[in-house]
Amino acid sequence: MTQRERLREQLAADGTVLLTVECQEGVVGRNGALPELAAAARSSGALRNVARLVATAHEAGVQVLHAVAERRPDGRGAGRNARLFRAAARLPVQQHPGSPAVRIAEPIEVAEQDLVVRRLHGLSPITGTDVDALLRNLGCRTLVVTGVSANVAIPNAVFDAVNLGYTVVVPGDAIAGVPADYTPALIRHTLALVATVTTTDEVLDCWQDPRRVSRA
């Protein structure tokens, strides 16, 4: 089996879910809390590639799940055991439930059939959330991980998914972090050891391929 054939089999629509991680206005939006990360997500093309993947997933019948990070205005339930959490509490833009900051960022389009999972604590979009149960109920075997940041949430998601038994596919040009040269280093030296690293175009080719197959 060639590498392309293996990828096509992994990405069969009946067992694949596309996960977008923290692709929300308050994180990657133009007026978000993390301008350096937002700039990296946009200038690298990662955010645009996430939007392309989501649009094609909708057309191909691939389930899309958006993982959103939130924080209550009173901070109740939020972690305080890491420097990152304490810094987040002081940011000028807060990820408050129901606010514009927690809306999925443009140009990503959210369809009626998409699932949105919101978390109030922790670093991972999977552990401690409903994501694993939802994936199992959906019959997911392959999880395509996209979004931000390559510094924290993306590796968390990849490791958690692998530990839970899912096959993970990472389109390397659909994730972003800071500084810019950190993301390719993370992909090469860490994510490539546990996930199938590919590109947005290669994933789109599998989902758009008329010979697309279902897994037995």
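A note on this structure, starting with the residue classes: Ala, Val, Leu, Ile, Met, Phe, Trp, Tyr, Cys and Pro count as nonpolar, Asp, Glu, Lys and Arg as charged, and the others, Gly among them, as polar.

Please keep in mind that this is a predicted model, in which local features need pLDDT of at least 70 and side-chain atom pairs count only at pLDDT 80 or more, while totals for chains, interfaces and linings use all residues. Residues are numbered from 1 along each chain as its sequence is written, and side-chain values use heavy atoms, with hydrogens and water left out.

1. **The largest pocket.** By class, its lining has 18 nonpolar, 7 polar and 5 charged residues. The space inside comes to about 730 Å³. A pocket here is an open set of points on a 1 Å grid over the protein atoms alone, where a 1.4 Å probe fits, with protein on both sides within 12 Å along at least five of seven lines; lining residues have an atom within 4 Å of a point. Grid points are joined across faces, edges and corners, and the volume is the space filled by probe spheres set on the points. Of the 30 lining residues, E22, L34, L84, A88 and L91 are the closest to the centre. Helices (H or I, at least four residues) and strands (E, at least two) are DSSP runs, numbered from the N terminus.

2. **The second largest pocket.** Its volume is about 200 Å³. Among the residues lining this pocket are Q3, R4, T196, E202 and C206. Two or more residues each come from α1, β7 and α9, with α1 giving the largest share, 5 residues. The lining divides into 3 nonpolar, 4 polar and 4 charged residues.

3. In soluble globular proteins, nonpolar side chains tend to be buried together. A nonpolar core is a set of buried Ala, Val, Leu, Ile, Met, Phe, Trp, Tyr and Cys residues joined through side-chain atoms within 4.5 Å. Buried means under 20% relative accessible area, exposed over 50%, and partly exposed in between (1.4 Å probe, protein chains only). The largest core has 32 residues, and those with the most contacts inside it include L11, L18, L53 and W207. Its largest share, 8 residues, comes from α4. Apart from it lies another core, of 26 residues, including V17, L19, A153 and I154.

4. Where does V62 sit? It lies in the loop between α4 and β2. V62 counts as buried because its relative accessibility is 4%. Leaving aside neighbours within four places in sequence, V62 is in contact (heavy atoms within 4.5 Å) with A13, T16, V17, L18, A57 and W207. V62 and W207 are 145 residues apart along the chain, yet their C-alpha atoms are separated by 8.4 Å.

5. **Helix α9.** Which residues of α9 are buried? They are T200, V203, L204, C206 and W207. Seen down the axis of α9, these buried residues fall within an arc of 160°, so they line one face of the helix; the arc is that of the directions from the helix axis to the C-beta atoms. The cover over them includes α1 (3-10), β1 (16-21), α4 and β4.

6. **Helix α7.** Here the buried residues include A153, I154, P155 and D160. Among the elements covering the buried residues of α7 are β1, β4, β5 and α8 (182-189). Just after α7, G165 takes a positive phi of about 100°.
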